[in-house]
Amino acid sequence: MTRAADTPVLEVRGLGKVFEIPGPIWRRPQRLTAVDDVSFRLERGKTLGIVGESGSGKSTVANLVMGLLPPTRGEILLHGRPLGSGRRSAQERRSLQMVFQDPYSSLNPRMKVRDIIAEPMRSAGVLSRSEVGARVEALLDMVHLPARAADRYPHEFSGGQRQRIVIARALALEPEVLICDEAVSALDVSIQGQVLNLLRELQEELQLAYIFIGHGLETVHYMSDDVLVMYLGRVVETAPADVLYSTPSHPYTRALLEVAGDRTPFSSGGGVSLRGEIPSPINPPSGCVFRTRCPIAVEECAATVPELTVRGRAHLAACIRTETARQLEEA
């Protein structure tokens with residue numbers, strides 16, 4: 001397959017997912033919009049971080065990209081070619097693998113590590129039996145586990161070691177894109193850094209592209225080249241990581257950073273924390289979906305759906321009150 005030099009390894013265009021929630025037979029199913037018009041590009045060897053509260057749609061995006069859920073609308077392209085259904089798509093999707101949040105539940109406790117890592121290769125039929133054995137040993141070495149680990153069971157390992165096994169399994173088919181869905185949030189803080197450093201080491205060595213999903217802003221900042229901020233299924237801001245963290249534009253991003261203790265948005269006399277709960281995606285607010293929790297919302301925010309607009313080089317935000325927020329912060 002010919003690949004243009006400027007073609008991203010992965011591109012998502014206008015991705016959307018609507019679930020129908022069944023109710024009584026006399027009433028139409030309710031529609032829950034989990035993801036609404038999400039787009040991004042991911043280059044080889046780069047990391048896109050996705051942040052937002054629980055219920056923002058981050059994991060749904062991951063499942064859509066992985067093919068675990070069918071999209072309601074939008075396109076997912078691998079090297080410029082749409083991923084669809086059928087045998088060719090199944091082969092191409094080997095290039096996309098996922099590292100799940102919980103290493104305790106994502107490993108079969110009845111299988112030895114050797115078989116856990118070998119399972120994707122055996123299912124795909126890409127290597128002979130002897131080649132699979134050699135590949136398992138190489139993968140264990142890659143994630144800094146000894147060869148003898150192959151003959152042990154998951155319960156014999158610590159949480160950090162189990163996540164290394166999960167990573168080894170994800171690398172078994174030599175993917176180009178690794179989706180890390182809260183990949184370190186279930187680990188002790190003392191272990192998180194080790195796994196993050198391993199991921200960065202593997203990225204440099206293999207030129208992997210990562211989608212790194214998390215709610216810990218410091219962790220996402222450490223891992224990411226670019227960051228996409230989601231709220232109630234929509235992208236509200238996206239920018240290079242250093243730009244987003246130093247000069248956030250959307251009130252939601254500023255509030256997330258304040259909650260994390262990274263900055264005090266809106267005014268020098270005291271920050272404004274996130275108030276209330278994220279609304280139901282079945283009945284989202286009109287206009288700007290963040291307006292019911294926004295400290296600078298006005299009537300116009302209820303009537304206008306803000307589009308992502310340019311705030312700087314490669315910096316987009318969806319807010320009609322961005323300049324007001326900046327002026328309040330500088331006052």
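Is Tyr231 buried or exposed? Select Tyr231: its relative accessibility is 0%, so Tyr231 counts as buried. Here buried means under 20% relative accessible area and exposed means over 50%, with partly exposed in between, for a 1.4 Å probe and protein chains only.

Before going on, note that this is a predicted model, in which local features need pLDDT of at least 70, side-chain atom pairs count only at pLDDT 80 or more, and totals for chains, interfaces and linings use all residues. Residues are numbered from 1 along each chain as its sequence is written, and side-chain values use heavy atoms, with hydrogens and water left out.

**Stop 1: the aromatic rings**

A pair of aromatic rings is described by the distance of the centres and the angle of the planes. Rings of Phe, Tyr and Trp (its six-membered ring) pair if their centres lie within 6.5 Å; planes under 30 degrees apart count as stacked, over 60 as edge-to-face and the rest as tilted. The structure holds three such aromatic pairs. In one of them, the ring centres of Tyr231 and Phe290 are 5.1 Å apart and the planes stand at 85°, so this pair is edge-to-face. Tyr231 belongs to strand S9 (residues 226-231) and Phe290 to the loop between H9 and helix H10 (299-303), so the pair ties together parts that are 59 residues apart in sequence. Helices (H or I, at least four residues) and strands (E, at least two) are DSSP runs, numbered from the N terminus. Phe290 has a relative accessible area of 1% and is buried.

**Stop 2: helix H9**

Select residues 251-259, which form helix H9. How many of its nine residues are buried? Eight of the nine are, so to speak mostly covered. The buried residues of H9 include Pro251, Tyr252, Thr253 and Arg254.

**Stop 3: the cavities**

A cavity is a set of points, on a 1 Å grid over the protein atoms alone, where a 1.4 Å probe fits but cannot get out; lining residues have an atom within 4 Å of a point. Grid points are joined across faces, edges and corners, and a volume is the space filled by probe spheres set on the points. The structure holds two cavities of 30 Å³ or more.

Select its lining: Val51, Leu217, Val229, Leu244, Tyr245, Thr253, Leu256 and Leu257. H9 gives the largest share of this lining, three residues.

The largest cavity has a volume of about 80 Å³. Of the 14 residues that line the largest cavity, Cys288, Cys294, Cys301, Cys319 and Ile320 are the closest to its centre.

**Stop 4**

Select Thr60 in helix H1 (residues 58-66). With 15% relative accessibility, Thr60 counts as buried. Apart from neighbours within four places in sequence, Thr60 is in contact (heavy atoms within 4.5 Å) with Lys17, Phe19, Ala34, Val35 and Leu69. Two of these contacts meet again: Lys17 lies over the face of Phe19, 5.1 Å from the ring centre. A charge sits over a ring if NZ of Lys or CZ of Arg is within 6 Å of the ring centre and within 35 degrees of the ring normal. Then select Arg152, whose charged end sits over the ring of Phe157, 4.4 Å from its centre.

Conventions: 1 Å grid on protein atoms, 1.4 Å probe; cavity = no way out; pocket = protein on both sides within 12 Å on 5 of 7 lines; lining within 4 Å.
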